[in-house]
Amino acid sequence: MGWLSSSPDDQRSKEIRSGAVAPSRAERARCWEARDGYFACLDKNNITDAIKDEKAAGKACGEQSKVFEKDCAAQWVTYFKKWRVQDIQKRQRIKELEAQGANRLDVQTDFTPRS
């Protein structure tokens, strides 16, 4: 193989990143592992929004970001980054409400019949 050719694995990774093919179970697991590593780095560096604070995130977690973006579909990367911000905000709001005396309600979110 020459330096311009790519392996089938590289081609598959490109297809997954572009959304041309669906990832397998193992590929999804690898994506989630890369995401978790990236988010752990962001947590360690007190960075909530990797999109808004792109420079700080790149400087602090550049290696983890490369792995995350290599192992996940591009749309998933964007989705997970936005989801992280929303999840952190939700958790903070719940803490605020509980501090104000709000009670937590258990809510069933599926449509199975209750007995």
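Buried means under 20% relative accessible area, exposed means over 50%, and partly exposed is in between. By that scale C31 is buried, and so is C72. Note that this is a predicted model.

## Disulfides

A disulfide is a covalent bond between the sulfur atoms of two cysteines. How many disulfides does the structure hold? It holds 2. One joins C31 to C72. The other joins C41 to C61. With the bonded cysteines numbered in sequence order, the pairing is 1-4, 2-3.

| Pair | S to S distance | Torsion about S-S | Handedness |
|---|---|---|---|
| C31 and C72 | 1.9 Å | 110° | right-handed |
| C41 and C61 | 2.1 Å | about -95° | left-handed |

Take the link of C31 and C72, which is right-handed. This pair connects distant parts of the chain, 41 residues apart. C31 sits in helix α2, while C72 sits in the loop between α3 and α4 (74–99).

Now take C41 and C61. The torsion about their S-S bond is about -95°, so this disulfide is left-handed. C41 belongs to helix α2 and C61 to helix α3, so the pair ties together parts that are 20 residues apart in sequence. The relative accessible area of C41 is 8%, so C41 is buried. For C61 the relative accessible area is 0%, so C61 is buried.

## Packing of α2 and α3

Two packed helices are described by the angle between their axes and the distance between the axes. Helix α2 spans residues 25–44 and helix α3 spans residues 54–71. Their packing angle is about 175°, and the axes are 8 Å apart. Is α2 roughly parallel or roughly antiparallel to α3? The angle makes α2 roughly antiparallel to α3, because angles over 145 degrees count that way.

Which residues meet across this contact? From α2 come E27, R30, C31, A34, R35, G37, Y38, C41 and L42. From α3 come A57, A60, C61, Q64, S65, V67, F68 and D71. By class, the contact of α2 with α3 has 10 nonpolar, 3 polar and 4 charged residues. C41 and C61, joined by a disulfide, are both among the residues of this contact.

## The nonpolar core

In soluble globular proteins, nonpolar side chains tend to be buried together. Here the largest nonpolar core has 14 residues. Those with the most contacts inside it are Y38, L42, A57 and F68. Helices α2, α3 and α4 are the elements that give two or more residues to this core. The largest share, 6 residues, comes from α2.

L42 deserves a look. Not counting residues up to four places away in sequence, L42 touches I47, A50, A57, C61 and R84.

## Residues of helix α4

K81 is found in helix α4. Is K81 buried or exposed? Its relative accessible area is 12%, so K81 is buried. Leaving aside neighbours within four places in sequence, K81 is in contact with Y38, F39, A50, I51, F68 and E69.

Q75 lies in helix α4. At 67% relative accessibility, Q75 counts as exposed. Q75 and E27 are 48 residues apart in sequence and 15 Å apart in space, C-alpha to C-alpha.

R93 is found in helix α4. R93 is partly exposed, with a relative accessible area of 42%. Between R93 and E63 there are 31 Å in space, C-alpha to C-alpha, and the two are 30 residues apart in sequence.

## Two further sites

I16 lies in helix α1 (residues 8–18). At 8% relative accessibility, I16 counts as buried. Its contacts, leaving aside neighbours within four places in sequence, are V21, P23, E27 and A73. The C-alpha atoms of I16 and A102 are separated by 44 Å, with the two residues 86 apart along the chain.

N46 is found in the loop between α2 and α3. It has a positive phi of about 55°, although it is not a glycine. N46 is exposed, with a relative accessible area of 71%.

Note on methods. Residues are numbered from 1 along each chain as its sequence is written. This is a predicted model: local features need pLDDT of at least 70, side-chain atom pairs count only at pLDDT 80 or more; totals for chains, interfaces and linings use all residues. Side-chain values use heavy atoms; hydrogens and water are left out. Axes are lines fitted to C-alpha atoms, for helices over the stretch in contact, and angles run from 0 to 180 degrees between N-to-C directions. Helices (H or I, at least four residues) and strands (E, at least two) are DSSP runs, numbered from the N terminus. Angles under 35 degrees count as roughly parallel, over 145 as roughly antiparallel, 65 to 115 as roughly perpendicular and the rest as oblique. Contact means heavy atoms within 4.5 Å. Ala, Val, Leu, Ile, Met, Phe, Trp, Tyr, Cys and Pro count as nonpolar, Asp, Glu, Lys and Arg as charged, and the others, Gly among them, as polar. A disulfide is a pair of cysteine sulfur atoms within 2.5 Å. Buried means under 20% relative accessible area, exposed over 50%, partly exposed in between (1.4 Å probe, protein chains only). A nonpolar core is a set of buried Ala, Val, Leu, Ile, Met, Phe, Trp, Tyr and Cys residues joined through side-chain atoms within 4.5 Å.
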